[in-house]
Structures are given as C-alpha cells and as structure tokens.
Amino acid sequence: MKPGRPNAMTTTTAAAPLISKRAIIDWLGIAPFMIFALMFLIVPTLYLVTGAFLTPEGELTFKNIADLFTPSILSAYWISIRVSVASSLGGALIGFFLAWAIVLGGVPTWVRSGLLTFSGVASNFAGVPLAFAFLATLGRTGLVTVFLRDWFGFNLYSTGFNLLSFFGLTITYMYFQIPLMVLILTPALDGMKKEWREASEILGASTWQYWRMVALPILWPSLLGTTLLLFANAFGAIATAYALTGSSLNIVPILLYAQIRGDVLHNPNLGYALALGMIVITGISNILYIWLRMRAERWQK
Amino acid sequence: MKAQRLGAWIAIAIGAGYFIIPLLGTLEFSLRMRRGQYSFDAYQSVFSDIQFRETFGYSMMMAFLTIIFGMLLVVPTAYWVRLRLPQVRPVVEFITLLPLVIPAIVIVFGYLRLYNSSSILPLTGSTSGTNALLMFSYMTLSLPYMYRAVDTATRAIDVRTLTEAAESLGAKWPTILFRCIFPNVMSGVLSGSFITFAIVMGEFTMAALLNRPAFGPYLQLVGANKAYEPSALAVIAFAITWLSMGLIQLVSRFQKSAPAKA
C-alpha cells in the first residue's frame, strides 16, 4: 500500500473505484471509433438536419421545409422517386426470376456459381464507368443502336428513345439493381424447404396454388424488403446519372450537387432541407427493409 | 418440370444478355478509335495521358491509406466489442450501417459546411487537410463492408481464449492486438480491403465536391470531352472491380478451409 493512503480503507470502498476504472478502460477501447463516427458521420448529418430548420441568421423556421414543396424541387423529387421505383421494380422482377432459375430451375451448378460471382462484381460496378458502358451500347453510335440500324433497318432513336432520359437512366440503374436482388434473394429461395412443396402437392395443390398460397406469403417480406433496399440504393446514387446526363435530368442528387457547388437555390438552408428530404426517404425505406428482413428471417431458421 | 427448366433457361438467357451486351458494347466501342479497323488506339491514348497516371496514382494511394487507417480503426473496435462490451454491439453495428442509409452526397455536404476554412477545424482550408478529410470520407463509405468482414472473421475465432492465453504468456496489449488478433482475422481484413479498394477507385461524389484530383472525377471529365477513351476507361474500371471481387472470393475460400486444418 502506498504511503499517504488511509489505512482504514475498507475492501468495499477499495473495490468500487477498481470496477469503475475497468469500466472506463472498457469504454476507452471504443472511444476512437465513437469519435470517428461522431466527427465524420453523425455530427455532419445532424448539422444539416438542424440547418434545415434554421434561417441563415440562425432562427428557428419551417420555411425551408415548406419551400421544398415548390414545383421545381417537387419535380426533382418526383423524377428521382420515379426512376428509383422503376429501376427497383424492374431489378426486383428480373432479379427474382434469375434467382428462381438458379435455385429451382434445375440449371447446372456452374451457371449458378457463375451468375453469383458475376452478380458480386456487377453490383459493385456502378458510378461513372457504368454510364460509359451504356453510352457505348445504347448511345447514338452504340453497339446495339448501330446493330439494329445496319441489320434490321430499325432506327432506335426515331422511336423517341433517348438514353439521356428517365427510361435510359432506369435501364442503366437496373444493371446494378438486378445483381443486388439476385445476391440477396438467392439465400431466401435456398431457405424454402422441399417439404413445403411436397406437402402442398400431396394435398393436391397445383404449382400456381403452391406459389400463391405457400411460397409467396413466405417470400414477400424478402421480396418487398429487398425492393425497398434497391429503391434507397437508386435514390442516393449520383455518379452514374451525372456522367450519363450531365445536369439535363433534374433528379434530387444532381440538384443537391449543383446546390453544393454554386448555391443554385439562392438559400443555403434550403439546401440543407433538400438533404434532409433525401435522408428521410432513404431512412424510411431502410428501416422498413430491416423490419421486413427480421420478419423474413423467421422462416429461415 | 420440362417447362420449368425451359423457363429457367429463358430467364438466364435474358439476364446474361442484359449483363454481357453492355460489356461487349463497351469493349467494341473502345476498339473503334481508328476509322475502319479495330485498334488499341484508345487505350494508348488513355495510358499516355499524364492526367490518367496522376489521378490513378492518387486514388491508389488514397485507397491504400484508407485501408490502413480503416483497418486500424475497425479491427481493435470489433475485437474490443466482442471481448469487453458485447452490450454495445447493436449500437456499433447500427453506426456502421449508417453510411448505407445516408447518401454519400449528404455526408460530404455536411463535411463542407462543418470543416470549411472559417470553422474550428478548418480541414478544407489546406491541401493536406482536404486529403485527410477525403480519406476519412472513404473510411466512412467503406465502414459497412469493412466492419462486417472483420466482425465475421472475429466471430470465427475464440477472442477470449486467445486473449487470455496471450496474457498468461505475458503479452502486452500491442502484442495481443498485432501479433495475435490481426493475423487471425486477416481473411476478413483482406476481403474488407479489396472491397474498399474497389469503392475508392471508382468514387466520384466525395472527390469531386472536395476538389481533389482523384480517378472518379477524371473519368467524368474524360467522359464529357472525349469519344472513345471513356469506353477504354470503363473496361479498365470493370477489370479493377473484377480483380478486387475475384480476390475476395479467393480469400473467402481460404477462410473456409482454414478451420478444417486447425
């Protein structure tokens, strides 16, 4: 015992500071992570969220939120939502059939492993290069456009098709949406037990009845949840759209990009409100996704 | 059953077409630079561009630093949470998933307002400060993947026994962490690193808004000004992604075979 310490210290009072010291060390262990998360994730986001409710002078206001409901900003949200919904539904539909084909379609295993490997790559192949790939394929001098013109005399661009449009952006986004759906849905389909199918067949159900009354009720949380995830994924994406259309297609991330660069809305706090709107939309779809996934996992045990 | 198999093959054919045709289109377009015949002129033009080499090198260095610092942040945290603070696991996991919920453009918007030259921490006021901020932003972006990869690897080893064994042999904390835990979670660290590499090499938003000469903004610039080079760059970018993902598959195969040997 060190000199100067009172000798009359009881064991209980000596133990208490020891425990709290250990607890402090325990919490210090994750302090770097917490400081990092606060500095580079939470505080910057909260700064924007609070800024959305302030005037440039720092007074509380709801005017920024109300200003989001002006036609130009509403139309940006509307086209963003439409592109995200269309690409997530399209991605979910094609992705579901692909996952179904490799799990239940009786195709050779090399097709399955090949498709899953490719999906792992393609779901990460987004951003600027993806825009280049689609320009080289469906642009005015792209491979498919030229092929259709030279071999079938079919001019794609005379039908009103334009890659730099809502439809063009949707099919480009689907390039990373489909693989993501395949990756998430394959385990869910793998979890469908053979016994369920056999039981329903013994009870005289047709394939259609099996899917409608057994398989889909089990799968719908996975299906809907993953579609929501794809939606959020498309909603926050900017690089592909920016490289593809420049600023000609006015989706929310591109509007926000222009606002950050040069305050095109002439009100910095309206920019914060725009960001808040994005967080709310991606946040809600992610929360629903997590909730649906928890429901889906009940059946995968 | 026959019809089902036919349907499956039709689905596979449509999917494969959707995946492969854009790649073929890109490859074909990148070879078209010389009129009337296929050539590698576009690639030559890309590789001889000094900006390509500079931005590519810059992003490579950024990816490398992001991986090092990300590893130093994530591995001790994942280890510590498993060993001492299992009760905060949900909180930490939730935080690591946030970068998937909050769009990158919103995060960088926050940085620009919070760390501008008139704030208490003026990171964007200097070049090295902005570089550091960009690296932190990449660490944030890769956090969900890095943490999950490392956490999965930590689950496979018995953290407590390893720590106690090392402690009873007289090891200090740095020894335990760097010579005991790190080598054991290397497979997770590696797969996290490769995905981080793929993310950083193609990232556009953060680098463009922080005004740093990275590969992503360079790609966008070339796309806006040239005809055939973008396709060549897309082929190169796809090769990088493919390489990173291929290496992850390779690593995870090692991971699976490792416990069998032990």
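1. Axes are lines fitted to C-alpha atoms, for helices over the stretch in contact, with angles from 0 to 180 degrees between N-to-C directions, and helices are DSSP runs (H or I, at least four residues) numbered from the N terminus. The crossing of α6(B) past α9(B) is right-handed, meaning that the near helix is turned clockwise from the far one by less than a right angle.

2. The contact between this pair (C-beta atoms, placed from the backbone, within 7 Å) involves, among others, B:Tyr145, B:Ala149 and B:Val150 of α6(B), and B:Gly188, B:Gly192 and B:Ile195 of α9(B). Its residues comprise eleven nonpolar, seven polar and no charged, where Ala, Val, Leu, Ile, Met, Phe, Trp, Tyr, Cys and Pro count as nonpolar, Asp, Glu, Lys and Arg as charged, and the others, Gly among them, as polar.

3. The model is predicted, with local features requiring pLDDT of at least 70 and side-chain atom pairs pLDDT 80 or more, whereas totals for chains, interfaces and linings use all residues. Residues are numbered from 1 along each chain as its sequence is written, and chains are lettered from A in the order in which they are written.

4. Beyond its neighbours within four places in sequence, A:Met181 contacts residues including A:Gly91, A:Phe96 and A:Leu230.

5. The contact between the chains takes 58 residues from chain A and 64 from chain B. On the chain B side, helix α1 (residues 2-30) supplies the largest share, 18 residues, and that side divides into 43 nonpolar, 17 polar and four charged residues.

6. A:His266, in the loop between α12 and α13 of chain A, has a positive phi of about 60° and is exposed, with 9 C-beta neighbours inside 10 Å. B:Asn211, in the loop between α10 and α11 of chain B, has a positive phi near 60° and is partly exposed, with 13 other C-beta atoms within 10 Å. On that 10 Å count, 20 or more is buried, 12 or fewer exposed, and anything in between partly exposed. Most residues other than glycine have a negative phi.

Notes:
Two residues are in contact if their C-beta atoms, placed from the backbone, lie within 7 Å. Helices (H or I, at least four residues) and strands (E, at least two) are DSSP runs, numbered from the N terminus.
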